[in-house]
Amino acid sequence: MSITPLLLKHIFKKRATILYPFKEREKVHLPEGFRGELKFFREKCIGCGLCFRACPSETIEMSVDEKGKRPIFYLDRCTRCQQCEEVCPTKAIELTQNFETVYFDRKSTIIK
Amino acid sequence: MSIKIPIGPQHPALKEPENFTFTLDGEYVVKVEARIGYMHKGIEKLMESKNYIQNIPLVERICGICNVAHTICYAQNVEYLYEKPIPRRAEFIRVIIEELNRIHSHLLWIGIAAHLVGFDSFFMYTWRDREVVMDLIELLTGNRVSTALMTIGGVRRDIDDSKAYKLRKGLDILEERTKYYKKIAEDEKSLLVRLRDIGRLTPAEAIKHSAVGPTIRASNIKVDVRADDPYAAHDEVPFNVITYDTCDVFGRLMVRIDETLESINMVRYCLDHMPSGPIRIRLPNAPPPGESVSRVEAPRGEDIHYVKSNGTDKPYRYKVRAPTLGNLSALIEMLTSKGDYLVHVADIPVVLGGIDPCMCCMDRSVKFIDPVKGKEWSLTWEQLKLYAKRKWEKEGIKAKCP
């Protein structure tokens, strides 16, 4: 019968679930250091290629354009380990708090 | 008359793909054959094609539940190559995360053990309270399971005062709940009847089959890497090596509950005595040539990593021995009836679950199968040496084989 006090305690508790995704979207709990979707600031990039060397999942590929070497990100392969953000000398890469990374087509996962 | 029944690779009693062939005499198991190799992931070979920094998230994926143990083992293994000490604060943070990981793994196992013996309310209790420690890990690292906190030369995130305060509050809840579980496990008759004298492993057998972790500690043998060969800050953090002399699944349950309580105290000690200072040092990309071995006490037992470096930024050879491989031959001993010790078919799931199997972590065996001729074979050490010698000679390198 030791289950009874616990049962009574939980009857009057708030529900643990939220009505995601249609209501209460803002109630989603994220910790402060959450690693979300990657964001790239192209104007800050100096093309050193350190992020390319730190990426474990081949998310980053280096390409050459008029400014020199610049990375291309294939976000469908990203594991969000944050190693690219850590090594970037100019803070051109940032992991945002966005966790909703669903796309309708694969091309839109590519960031240049 | 004896009959053979195969269990696995897909079976409700097994969570992971392994195949066991049980030879039964009536209701009793008289012989067990294990076949591993269904989940050969090729991680070791993949690691040779990536550099040391890229390998950290890969090592983390050897095992989902004990990912911290594997990453600590990898990071300190590479640090041994540089022969440079890392900051003391980083070592304390490593111990904190490792022990939180152990609490989470043990609570998970206690729930699974309760579920396997049909005590589902206990299972739901432990898994509900496991959420507390998952939230604490999320608070410190940013993720619930894959922590990605370790790096070569230290750790990636610091613990500030507000996080330490929340950590202490969470630990108080966990301690209270774990003491309650201990009371349940000691008093609940149905649990005692189901777990007592099931999966017997005597101390002599445990040593003979080189069991590791809570399995050998439940056979009353004090083996713990944290005490025998201290790494990180374990040389300073005090703790008791928990042993039980019941030599059965009940002992393994009690060892894990007591270790959870010990881990809570260790995290508290670390928070109180953590020195201030930097949390990581920068090391060059390529370690000097050499080889090293590192050992870590994962929640399931001793975890061994070996690395060989040839001076480039990629490992020349990397070898992982996950704890379940050490327990596998002891498991076969536990599942075989001998003398007055009888293993019923109904005991198989709980004995299998008793070692906390993590088959996918340890699967690195390869068996050659010819489906046309129906032949199966594996290479011996001598054949492998000959094969390697021929391969090197073809490339014009004179091989030295011991």
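**Close-up 1. Three strands of chain B form an open sheet.** Two strands count as paired if DSSP finds at least two bridges between them. In this predicted model, the strands of chain B line up in the order β1-β2-β3, with antiparallel pairing. Strands β1 (2–7) and β3 (28–35) of chain B stand at the edges with a single partner strand each, so one side of each has no neighbour in the sheet. On average, and ignoring direction, neighbouring strands here are turned by 20 degrees against each other.

**Close-up 2. Here β1(B) meets β2(B).** Six bridges join β1(B) to strand β2 (residues 19–25) of chain B in the antiparallel sense. To find your way around, look for B:Ile3, which stands opposite B:Leu24 in β2(B).

**Close-up 3. Helices α6(B) and α11(B) cross.** The axes of α6 (residues 161–187) and α11 (residues 249–273) of chain B come within 10 Å and cross at roughly 160 degrees. Angles over 145 degrees count as roughly antiparallel, and α6(B) and α11(B) are therefore roughly antiparallel to each other. Their crossing is left-handed. Among the residues making the contact are B:Leu167, B:Leu171 and B:Tyr181 of α6(B), along with B:Ile257, B:Leu261 and B:Ile264 of α11(B). By class, this contact has 13 nonpolar, two polar and four charged residues.

**Close-up 4. Chain B touches chain A.** Each chain brings 14 residues to the contact. On the side of chain B, the elements giving two or more residues are α2 (52–60) and α5 (120–141). The largest share of that side, four residues, comes from α2(B). By class, the side of chain B that touches chain A has five nonpolar, five polar and four charged residues.

Note on methods. Residues are numbered from 1 along each chain as its sequence is written. Chains are lettered from A and ligands numbered from 1 in the order in which they are written. This is a predicted model: local features need pLDDT of at least 70, side-chain atom pairs count only at pLDDT 80 or more; totals for chains, interfaces and linings use all residues. Two residues are in contact if their C-beta atoms, placed from the backbone, lie within 7 Å. Ala, Val, Leu, Ile, Met, Phe, Trp, Tyr, Cys and Pro count as nonpolar, Asp, Glu, Lys and Arg as charged, and the others, Gly among them, as polar. Axes are lines fitted to C-alpha atoms, for helices over the stretch in contact, and angles run from 0 to 180 degrees between N-to-C directions. Angles under 35 degrees count as roughly parallel, over 145 as roughly antiparallel, 65 to 115 as roughly perpendicular and the rest as oblique. A crossing is left-handed if the near helix is turned anticlockwise from the far one by less than a right angle, and right-handed if clockwise.
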